[in-house]
Amino acid sequence: MPPPRNSGSSFLKQFTDYMRLDNKGIFILPIRSTTPTIKTSMNSWAGRFNSGSSSRNSDEKKYKFPDNLEGFGYHFDQKGQLRSIDGDQPFKFEVRSNDKAYNQAHYEALGATITSHIETELQTRFDLVRTTIPVDAQPGEPTSRIYCSREAFTSERPILMLVPGSLIEVGQWARKIVINDNINTGSIYNYVRAARKAGYEIVALNSNYNYDVKTKKKIRGSEDPYSHVQYVWQKIVAPAKSQEILIVAHSAGGYSTQKLVYAAFKSIKDRVKAIALTDSVHGGLGGFGRDEVDQWWYQHAINWVASSQPLGTMVSKGGDCVCWAAGDNRHEYTTVTAEEEVFAFFSERLKGVPFGEEECHFRREGTPEGVD
């Protein structure tokens, strides 16, 4: 049996304890919240969550921005770094001095253009297929999309599901990394490459696209991130031929994945071989109280958490899953720095190697051939 369940992620527990929706659907922070640190974190998170609504969109509508990277004066160089076409300089947030609204709107518009660029490359460069959600969409119905390898549904090879965190666009782990560091690490590009080399099929989810941006109507099956993950499992992954499923879930994607496991445990328990979480926000939401599922989760999931300790160092084993250091103390970089160990973990679980909680015993020597 696993150790008693704890909060899993203190941040999400604090969020659910202290945040609530007002009558307009906006997250607010009640006065009863505790420490200044928690208040600062929660206000920041709520601001980011609500930024997808009226204030940000209205600011963007005030200005006219280009619809391609060249129009913004940027391109991705051969190393995958965003650089100015004129001068080869990194991204500069401040375009207009002392005009925060314009600069933020410019940043958001550039981010949307980069998302389009990534989606195009997933299809043209990585040969992933854009798949419409819901699968039986009617004419005029709002739809979303995910990206899958061509043989994901017919091959017996393992399927790798990629589940993003909150407020993240499809095909990305962190927009901040894409813009300020490298598109290969900030997007799912490197995970797609590693999956291909390991012989896996790919299903890249789009859990944060929940309503049509024009009509504001909810998308059937993707009304929220949790519904999207469950819909993709039920309609896309579960009917696939493969009997070996692997999952990478970052941040709040871990919560959606945990909800999936508890909602569809009968169809998951024999097919999902390993779940790699990266600084996951899950657990501590009241508990599900199902010992069989709790034990399965503990034996199949590892959480690589933000930590200043070396990569693979045991951080905790007293929660609902074992936690190892991701090798970076920045939340958004955990998926990047843990990649090698994630694929080594998958390799061993597919070979039937028993779960070992005491150390990252498979590190490096268990890495699939070709993963770099």
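**Two helix pairs**

Colleague: Which residues of helix 8 meet helix 14?

Modeller: Contact here means heavy atoms within 4.5 Å, and helices are DSSP runs (H or I, at least four residues) numbered from the N terminus. On the helix 14 side we have Glu-339, Val-342 and Phe-343. Facing them in helix 8 are Asn-190, Tyr-191, Ala-194 and Ala-195.

Colleague: What should I know about the model?

Modeller: It's a predicted model, with local features needing pLDDT of at least 70 and side-chain atom pairs counting only at pLDDT 80 or more, while totals for chains, interfaces and linings use all residues. Residues are numbered from 1 along each chain as its sequence is written, and side-chain values use heavy atoms, with hydrogens and water left out.

Colleague: How are helix 8 and helix 14 oriented to each other, roughly parallel or roughly antiparallel?

Modeller: Axes are lines fitted to C-alpha atoms over the stretch in contact, and angles run from 0 to 180 degrees between N-to-C directions. Helix 8 (residues 189-198) packs on helix 14 (residues 339-350) at about 30°, axes 11 Å apart. Under 35 degrees counts as roughly parallel, over 145 as roughly antiparallel, 65 to 115 as roughly perpendicular and the rest as oblique. So helix 8 and helix 14 are roughly parallel.

Colleague: At what angle do helix 10 and helix 12 pack?

Modeller: Helix 10 covers residues 253-263 and helix 12 covers residues 291-300. Their axes lie 10 Å apart, and the angle is about 135°.

Colleague: And which word describes helix 10 relative to helix 12?

Modeller: Their angle is about 135°. That makes helix 10, relative to helix 12, oblique.
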